[in-house]
Amino acid sequence: MALYRPADEKEIAELVATCAAQPETLEIFAGASKRAFGRPVAADHQLDLSRLAGVIAYEAAELVLTARPATPLQTIKQVLREQGQMLAFEPPSWRDLLQTQAQPTDSPAQPTGYSAQPTVGGVLSCNLSGPRRVRAGAARDFFLGFSAVNGRGELFKAGGKVVKNVTGFDLSKLLAGSFGTLAILTEVTLKVMPRPETETTLLLRGLDDAGAIDAMARALNTPFEVSGVAHLPAAVAGRVLEDGAATALRLEGPSPSVAFRAGEIARMFGGATRLDGEASARLWRDIGEVRALLPQGAALVWRLCPTPGEAAALVAALRAALSSAEAFYDWGGGLVWLSLDAEEAGVDGGASAVRSAMRTAGGHATLIVAPESMRAAVDVFEPPPPALRALSARVKANFDPLGLFNPGRMGGGA
Amino acid sequence: MILMPEPDAATLARRAEIVADLRAIVPGEGVIESEQERRAYECDALTAYRQLPLVVVLPETTRQVVEVLRYCQARTLKVVPRGAGTSLSGGALPLADAVLLGMGKFKRILEIDAANRCVVAQPGVTNLGISQAVQGLGLYYAPDPSSQIACTIGGNVAENSGGVHCLKYGLTTNNVIGVEFVTIEGEVIRLGGKHFDAGGYDLLGVLVGSEGLLGIVTEVTVRVLPTPPGARALLIGFPTMQGAGDCVAAVIGAGVIPGGMEIMDRLAIEAAEAFVHAGYPLDVEALLIVELDGCAAEVDHLIARVEAIARAYGATTCRASQSEAERLLFWAGRKAAFPAVGRISPDYMCMDGTIPRKEIGSVLLRMKQMEEKHGLRVANVFHAGDGNLHPLILFDANISGELQRAEDFGHDILRLCVEVGGVLTGEHGVGVEKRDLMDAMFNEVDLAQQQRLKCAFDASGLLNPGKVFPQLCRCAELGRMHVHAGRLRFPDLPRF
């Protein structure tokens with residue numbers, strides 16, 4: 001096994017062409033901070049993109065930023081903050097979430113010298129979005145264009161560098177969330193947005209799960225542009241906030257507008273406590289980083305995306321099936337974080353119980369935190385029906401015909 | 001003129017048999033054969049291009065779509081999908097040897113789910129029909145292409161349609177959360193649903209905007225949003241286009257994302273004012289309409305801020321709407337701009353490039369210079385917030401050579417858009433119209449990769465051939481790997 005650190009896209013293209021001739025497979029990473037997310041990769045070589053880092057172009061008035069894929073997320077956030085802007089999809093790092101799991105014993109040697117820092121290419125490849133996703137959209141919605149090397153060792157580009165573009169197939173969407181299995185990103189262009197001037201969070205206390213789902217839907221159905229909608233049940237809320245179960249509603253914008261909207265929503269619910277400024281920001285960081293389920297020790301963590309209105313019933317069904325189940329809700333119920341005791345969950349990590357409950361709720365489930373051997377053995381991602389699996393496999397084959405990139409990472413035809 | 005693929009003589013000769021076979025799948029009036037009735041389908045909104053289809057089939061059920069596509073696949077028959085036929089890029093232009101598959105009978109709204117803020121609709125429901133269906137619940141569907149009374153949600157999915165509210169609320173792709181579609185092989189596949197995102201590859205993301213080349217959409221789930229409580233608009237006049245362009249950049253740079261932000265140039269202002277008497281100033285070179293929506297506390301705050309920026313950037317007139325009637329009047333001229341231009345010219349051609357906003361002034365200046373070269377005038381109306389230009393090239397198709405000159409002018413404009421870092425189309429799609437310009441933006445490898453995606457969905461290339469890609473490629477050739485027997489090189493790279 002070799003570790004390659006190419007300097008530019010030309011060297012990547014040459015490397016891929018060489019690997020294709022063998023053929024030999026590649027595990028692709030930059031910060032390697034999401035290496036434990038998804039199925040483990042067994043590849044012949046490792047490709048570290050860390051040298052392809054740096055912001056290439058950024059003009060605040062254009063709302064567009066172009067960067068090399070290994071640019072640290074922190075750098076991007078800092079550059080944007082200086083111009084009063086942000087990544088609206090609020091990507092989390094999941095640093096603590098992914099670090100808590102037991103170190104794998106059956107993995108190939110860890111590469112040394114990688115940063116463990118989230119990078120912009122990694123965020124897009126995993127389509128990672130935080131609490132604001134409920135209003136603003138996901139990472140894929142802000143991915144405007146890219147350059148990449150396909151499995152033939154050819155450098156190609158798709159999309160554009162302007163905010164509105166429908167020229168050709170929207171391959172950016174396809175690359176978002178493809179976990180590096182289709183092509184190796186060499187440059188990415190994102191739509192960025194202004195940072196809101198202020199934020200405030202209203203807390204409704206003491207609701208049960210079903211009541212909270214209902215309250216969150218009511219808040220989202222107001223025209224008051226709620227930009228974060230989460231519920232922390234009493235059992236887990238204490239890790240993030242005091243005083244038991246909390247339903248959190250975030251409002252952002254110019255201060256006169258936030259003051260008005262917060263007043264209206266508080267009145268609608270007969271009063272609410274408020275978190276302002278940094279306290280509000282910290283709560284939403286904690287929610288994005290899944291801190292209400294940390295530290296989870298020997299627990300497994302699932303990420304469920306059900307039909308929002310079905311979320312409470314879904315969690316109730318899972319609690320009935322598995323007594324160790326703990327959960328909290330983001331995206332108004334559209335995102336459920338679930339932890340299970342590893343022993344109770346059994347060898348499949350609770351997959352059969354989770355997937356059977358998801359069939360009723362609609363949506364998809366991903367096993368996020370589990371030992372590597374378990375992630376290799378069970379379907380980490382939602383298994384697609386046969387026709388979709390076959391189509392996904394054909395898509396993969398048309399980008400990476402020899403299966404060189406991150407073999408096995410996604411499963412399910414990918 | 002852009003050439004379409006040569007029709008297959010054998011298919012043309014089998015027409016009667018094909019009609020009979022399709023009638024066995026879709027009975028009664030669902031198969032249209034007579035020349036007179038087919039005439040209604042000979043073009044879409046890109047009327048310069050016309051072609052009678054081989055036959056028109058209007059299925060009513062997903063089952064019928066499956067059987068029609070299976071039949072076409074088995075007989076190697078081309079298929080051109082069509083919604084309401086409002087495409088401005090020729091996306092639904094028929095082929096002489098292709099079955100035109102119209103989805104107009106899929107007209108039902110299947111479910112309104114207020115708790116999950118979504119609507120499940122058949123593809124033939126109009127864009128506006130979705131908003132109307134949820135109006136009573138205080139909800140609406142955000143993307144609003146100007147053809148929204150007529151255009152269908154299925155067509156919106158195919159074209160990734162936009163509208164004036166894109167900058168703040170996104171295009172179709174950002175508002176569609178699920179589809180059911182049928183592949184050319186007759187497989188029914190569901191992508192997404194009422195939940196957020198989807199597992200696996202984001203095939204929904206590529207299906208939206210695929211211009212009918214990947215599959216036939218038979219059901220669409222869209223996100224609907226609470227209707228903003230109010231909106232106000234500013235009507236701002238500038239002595240130069242550069243001033244208006246700079247003001248747009250400054251508004252966005254100041255952190256304000258308006259619900260809509262539109263610019264009209266002098267010719268468009270004059271035409272619109274003469275047509276609808278909206279009270280537009282006639283002594284300005286550029287008119288900017290900025291709409292802020294939301295609660296009154298926010299709207300009033302931002303109106304004042306935008307007004308201050310406009311004055312700082314040299315606005316000579318600046319009026320804020322004081323009533324809903326006045327706001328609608330400000331928009332009346334903009335919304336009627338295309339027909340207004342139609343009154344001052346026998347024909348016009350609408351272009352659709354996007355440029356970086358900072359280039360607005362310089363691009364419009366160069367467009368003026370091009371008028372001389374091509375001997376034609378251009379009126380400009382565009383979505384300034386996202387840099388999406390709609391130059392309207394005025395011409396008279398009855399004058400020999402003018403259509404060709406207008407097309408040449410349009411191509412020069414779009415090449416200019418790409419040259420300054422923009423793209424060929426912001427919302428109308430490539431279709432036939434911009435097909436042969438794709439190489440201005442993409443090289444051969446880029447285009448081959450896009451076509452390989454097509455191969456994954458439609459290996460025999462039967463769905464909407466002749467659109468989007470300048471050359472038809474065979475999937476077998478695209479799939480071939482040219483691998484040199486070699487050794488692992490890269491001696492210079494650090495290893496561990």
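Tutor: Of the 496 residues in chain B, 56% are buried, where buried is defined as 20 or more other C-beta atoms within 10 Å of the residue's own, exposed as 12 or fewer, and partly exposed as in between, with C-beta atoms placed from the backbone. The model is predicted, and local features need pLDDT of at least 70, side-chain atom pairs count only at pLDDT 80 or more, while totals for chains, interfaces and linings use all residues. Residues are numbered from 1 along each chain as its sequence is written, and chains are lettered from A and ligands numbered from 1 in the order in which they are written.

Chain B has 18 helices and 18 strands (DSSP runs numbered from the N terminus: H or I of at least four residues for helices, E of at least two for strands). Its C-alpha atoms fill a box of roughly 70 × 65 × 60 Å along the principal axes.

Now the core. The largest nonpolar core has 298 residues, and Leu288(B) and Ile393(B) have the most contacts inside it; such a core is a set of buried Ala, Val, Leu, Ile, Met, Phe, Trp, Tyr and Cys residues joined through C-beta atoms within 7 Å. Leaving aside residues up to four places away in sequence, Leu288(B) touches Ile236(B), Phe238(B), Ala244(B), Cys247(B), Val248(B), Ile263(B) and Ala384(B) (contact: C-beta atoms, placed from the backbone, within 7 Å).

How values were computed. Two residues are in contact if their C-beta atoms, placed from the backbone, lie within 7 Å.
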